Amino acid sequence: MSDLPKLFDYTGAPERASLRSSLYGQDILSVDQFDRETLNFVFSRAHEMREMVERLGASDLLHGSILTCLFYEPSTRTSASFIAAMERLGGSVIPITQGVQYSSVSKGESLPDTIRTLEQYSDVIVLRHPEIGSAKVAADYASVPVINAGDGAGEHPTQALLDLFTIQEELGAIDGLQIAMVGDLRFGRTVHSLTKLLMQYDVSLRFVSPDILRLPLTLMNQIRDLGVNARESHDVSDVIETADVLYVTRIQKERFTDMAQYDEVKDLYEITPDLMQRAKERMVVMHPLPRVGEIHYAVDTDPRAAYFRQVKNGMYVRMALLAAVLGKA
Ligand code: ASP
């Protein structure tokens, strides 16, 4: 038995079943699964995780559980975040993140077979894959929960949850805010997932991008159908003075087939200290990272630069989610 502190020891409690959330045993594939009640639940658990880590560093809540992290696309933050989350809760990880091209996948093994093999070792699988819909395919075959850590230009639900959690932790509330998204709104899966979540709140949305990287029309139509206050623009100047949240994104080079098009748009936006002088005193700049020039390094010392705090919040949110799907919440 681990000698880590027992923080959430529900073992043997008669009411154990009722302590389990609706996420117990569930896959996490899309933000569409999250209503406001579930979001509040995840955020309050993430907040508790934060307090626990700040006080104690770790607990043994998931001692004995094994997570497989299967990443077919490069990742530093998301894989490290899931690994840290699992280990801070006393669980273990099988990381298949580096050199995945040398595994059976490159020998022609299908995703279902890989998943059916890995689930024999693990209690939960986190998957990143370049194709939209791949996480759903994996989940259809797996008998353990599958968590989507990015399916191509599709969704990145855990990133969106940590983004929303960050807005709440930084600004105290989500309703009433103006949120401006800047950059690659077409291929940026974090933008897609976050936008869908924000549609559940009373917010106004601003989308700043070049024409070829506008938010997908289906998403824009959903926003319009709901009557959300939303506007598109090409210029950060149009939003810098009014935004409560500036959500800056990288142009997703790997999704372009025509590199000349990428070159045309790659340097269009940069958040600089000069620009920040025009922003509200109480606002935050966020970025799912990695950045490749969209935010000048000199902005990092501005207290409104929240992107590294956002990274840490990712670990707390993933701790909350892992605990929930494994029935420890
Ligand atoms: N890390 C984020 C993602 O996986 C953002 C990015 O790659 O630009 O989608």
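By class, how many nonpolar, polar and charged residues does the lining of the largest pocket have? The lining has 4 nonpolar, 9 polar and 7 charged residues. Ala, Val, Leu, Ile, Met, Phe, Trp, Tyr, Cys and Pro count as nonpolar, Asp, Glu, Lys and Arg as charged, and the others, Gly among them, as polar.

This is a predicted model, where local features need pLDDT of at least 70, side-chain atom pairs count only at pLDDT 80 or more, and totals for chains, interfaces and linings use all residues. Residues are numbered from 1 along each chain as its sequence is written, and side-chain values use heavy atoms, without hydrogens and water.

**View 1. The ligand takes up the space of the largest pocket.** A molecule sits in a pocket if more than half of its atoms lie within 2 Å of the pocket's grid points. A pocket is an open set of points on a 1 Å grid over the protein atoms alone, where a 1.4 Å probe fits, with protein on both sides within 12 Å along at least five of seven lines. Lining residues have an atom within 4 Å of a point. The lining holds 20 residues. R128, R189, R250, L289 and P290 lie nearest the pocket's centre.

**View 2. Residues surround the ligand.** They are R128, H156, R189, T190, R250, Q252, P288, L289 and P290, with a heavy atom within 4 Å counting as near. This shell has 3 nonpolar, 3 polar and 3 charged residues.

View 3. A polar contact is a pair of N or O atoms within 3.5 Å. For R128, the distance is 3.0 Å. For R250, it is 2.8 Å.

Terms used:
A polar contact is a pair of N or O atoms within 3.5 Å; within protein, one must be able to donate a hydrogen and the other to accept it, and residues adjacent in sequence count only if both atoms are side-chain atoms.
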